[in-house]
Amino acid sequence: KQWYQRRVRGVIPAWRRDRIRDHISGIKAKLDKAKIESEKGLATENAAEIASLIAKNKDAPIIIEVLKTKGTSKGISEGLKTMRKKAPETAAVIFAVNDDDVFFHCLVPKKLSSGMSLRADEWLATFSGLLSAKCGGKDLYAQGSG
């Protein structure tokens, strides 16, 4: 047998496994923290871009838009909260593309949901399969990613 085959089959002492596990956990925590910090800036950019969309399309009944900036789910959510306040009669589907994910959120006003039977969860379900994405939500608000 080769030396490396014998070496791999050796038993790692519990104290060393614990040290390795702790070290890897520390590295993962640092990576998670760095990802959260980088997404904070993106969320602010997304919310600002959605605010400019609201200003441009204030009287539009429906807005369907792909954000030009990289997106985060939190950024879209924050932007749609603003839309709910500033353009309460506007239905919207907002898409954001990140390096490896697509995020999309849908907002439907009560008036359209009850009067025209337009439901946010059903609206997203019509195209989420095309994106190989999962989605869910309720009548007035739904979200998905894939």
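Two strands count as paired if DSSP finds at least two bridges between them. Helices (H or I, at least four residues) and strands (E, at least two) are DSSP runs, numbered from the N terminus. The structure above is a predicted model, in which local features need pLDDT of at least 70 and side-chain atom pairs count only at pLDDT 80 or more, while totals for chains, interfaces and linings use all residues. Residues are numbered from 1 along each chain as its sequence is written, and side-chain values use heavy atoms, leaving out hydrogens and water.

**The strands around β3**

Let's start with β3, which spans residues 102-107.

| Partner of β3 | Residues | Bridges to β3 | Direction |
|---|---|---|---|
| β2 | 91-97 | six | antiparallel |
| β5 | 141-145 | five | antiparallel |

Ile-94 sits opposite His-105 of β3, and Phe-104 has Gly-144 of β5 as its bridge partner. Five of the six residues in β3 are buried, where buried means under 20% relative accessible area, exposed means over 50%, and partly exposed lies in between (1.4 Å probe, protein chains only).

**Aromatic rings**

Phe-104 also brings us to the aromatic side chains. Rings of Phe, Tyr and Trp (its six-membered ring) pair if their centres lie within 6.5 Å; planes under 30 degrees apart count as stacked, over 60 as edge-to-face and the rest as tilted. Searching the whole structure gives three aromatic pairs. One of them is tilted and joins Phe-95 to Phe-104, with 5.8 Å from centre to centre and 40° between the planes. Phe-95 and Phe-104 are both buried. Ring pairs also connect Phe-95, Phe-104 and Phe-127 as a cluster.

**Asp-121 in helix α5**

Asp-121 lies in helix α5, residues 120-128. Asp-121 counts as buried because its relative accessibility is 18%. With neighbours within four places in sequence set aside, Asp-121 is in contact (heavy atoms within 4.5 Å) with Gly-137, Lys-138, Asp-139 and Ala-142.

**A nonpolar patch**

Ile-20 belongs to helix α2, residues 14-56, and is partly exposed because its relative accessible area is 42%. Together with Ile-12 and Ile-24, Ile-20 makes a nonpolar surface patch of about 270 Å². Patches are made of residues with over 30% relative accessible area and no salt bridge, with like charges joined within 9 Å and nonpolar side chains (Val, Leu, Ile, Met, Phe, Trp, Tyr) within 5 Å. A salt bridge is a side-chain nitrogen of Lys or Arg within 4 Å of a carboxyl oxygen of Asp or Glu. Accessible areas come from the Shrake-Rupley method with a 1.4 Å probe; for residues, only the protein chains shown count as cover.
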